[in-house]
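Here is a short briefing on a predicted model. Please keep the sequence and the structure in view while reading.

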Amino acid sequence: MRRNVPQIISLVAIVAGLVLFVVTLLGLDRTETIAEARRLGVALPLVLLPSIGWHLLRAFGWYVCFPPDERPGYWRVFRVRLAADSVGYFTIRGVASEPLRVVLLMGRVSPVVSAAATVLERTAMGIMSVVGVGVFAAFAVSSDMLPPAWQSVIRGIAIVSAVVLFLTMLFLMRTGRYFGPLIESIYARTQWRWAGGRTVHAISAVEDLFLKLARTDHRRIQTLVVLSIACYWLMALEVFLVFWAIDQPISLWVGTIVETFTRSASVVGGAIPGNLGALEASNVAVVKALGLAGGGSLALFRRFRSLLFATLGLALYPRDTMTSKPAAPTA
């Protein structure tokens, strides 16, 4: 049976992830990692607090992206987001999560509204993540904590972040619409069906609402910026707490360097379902580069945390999804 290009890419990504996972596992001191994991288990409730806060803040970020008059309840937003990300965790990143958010809100929120809110939240958080990675990578390069080879890696991350941010800003600084005029021009010249179909009209409607939400309420954007910064620091705090729990205390600044590299590596490993292997390799590699022990424990905790919230998301998804709101009683 012949495989198409997406199937080949997925297969290669899975094989690469498995190889990374096995190589990383073989390079660990398993006796030391098991001993550290036991100490980590005692402090587990405390170490999980940053990730709980991260999920609560990310859900609130999506919540504020909805227009006030069409905004679902926060608890529903939290459960839908967690459930959609749980499914997306086991697939290529972003392929399943975003569309599933829209599907799980059908019957309660217009698909155009939920899609526009999703795009706005992802765009704002993504841009701020690039900003954070670039800024902290630049600071890390100026420090003497990393060996020369890693200085080059971090410098490369800072440069790529700056280029991505510059191109994104050029794109977003344009006035007017982006997608709609292009498709309308194609349809006027070619009369191609796909350029005038319902799907394209729906995408154009999502774009219009997205631009309205992004450009008409500066307080919403300011809130998303603050939430993104808080989420970045929460993940750095998670690293700090893991090392504190295994009796390998580090500074919050070191935790930020670790988070900056692993966040960058997660983009590269995004094609691997569950980021298998890439998560373990990136955490262990940067910790070793900093001359620290405990990389295996950090990777083990982050794998456990991801699986825990993925399981919670599948368990807590709204059972009444895709049903219409109950009709208002008539007098």
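Among contacts in the protein with a separation of 6 or more, 73% join residues 24 or more positions apart. The protein has 14 helices and zero strands. Of its 331 residues, 45% count as buried.

**Overall make-up**
- Read along the sequence, the pattern is α-α-α-α-α-α-α-α-α-α-α-α-α-α.

**Helix 12 by itself**
- Helix 12 covers residues 252-268.
- Of its 17 residues, 13 are buried, so helix 12 is largely enclosed by the rest of the structure.
- At 1.5 Å a residue, helix 12 should span 24 Å.

**Helix 12 against helix 7**
- Two packed helices are described by the angle between their axes and the distance between the axes.
- Helix 7 (residues 111-142) packs on helix 12 at an angle of about 125°, and the axes are 9 Å apart.
- The pair is therefore oblique.
- Helix 7 passes helix 12 in a left-handed crossing.
- Helix 7 brings Ser129, Val133, Phe136, Ala137, Phe139 and Ala140 to the contact.
- Helix 12 meets them with Trp253, Thr256, Ile257, Thr260, Arg263 and Ser264.
- By class, the residues of this contact of helix 7 with helix 12 are seven nonpolar, four polar and one charged.

**Helix 12 against helix 13**
- Helix 13 spans residues 278-289.
- The axes of helix 12 and helix 13 come within 9 Å and cross at roughly 145°.
- This crossing of helix 12 and helix 13 is right-handed.
- From helix 12, Val258, Phe261, Thr262 and Ala265 take part in the contact.
- From helix 13, the partners are Ser282, Asn283 and Val286.
- The residues of the contact of helix 12 with helix 13 divide into four nonpolar, three polar and no charged.

**Arg79**
- Is Arg79 buried or exposed? Its relative accessibility is 16%, under the 20% cut-off, so Arg79 counts as buried.
- Arg79 sits in helix 5, which runs over residues 74-89.
- Which residues does Arg79 contact, leaving aside its neighbours within four places in sequence? Arg79 is in contact with Leu316, Tyr317 and Pro318, with those neighbours left aside.

Conventions: Residues are numbered from 1 along each chain as its sequence is written. This is a predicted model: local features need pLDDT of at least 70, side-chain atom pairs count only at pLDDT 80 or more; totals for chains, interfaces and linings use all residues. Side-chain values use heavy atoms; hydrogens and water are left out. Axes are lines fitted to C-alpha atoms, for helices over the stretch in contact, and angles run from 0 to 180 degrees between N-to-C directions. Helices (H or I, at least four residues) and strands (E, at least two) are DSSP runs, numbered from the N terminus. Angles under 35 degrees count as roughly parallel, over 145 as roughly antiparallel, 65 to 115 as roughly perpendicular and the rest as oblique. A crossing is left-handed if the near helix is turned anticlockwise from the far one by less than a right angle, and right-handed if clockwise. Contact means heavy atoms within 4.5 Å. Ala, Val, Leu, Ile, Met, Phe, Trp, Tyr, Cys and Pro count as nonpolar, Asp, Glu, Lys and Arg as charged, and the others, Gly among them, as polar. Buried means under 20% relative accessible area, exposed over 50%, partly exposed in between (1.4 Å probe, protein chains only). The expected span of a helix is 1.5 Å times one less than its number of residues.
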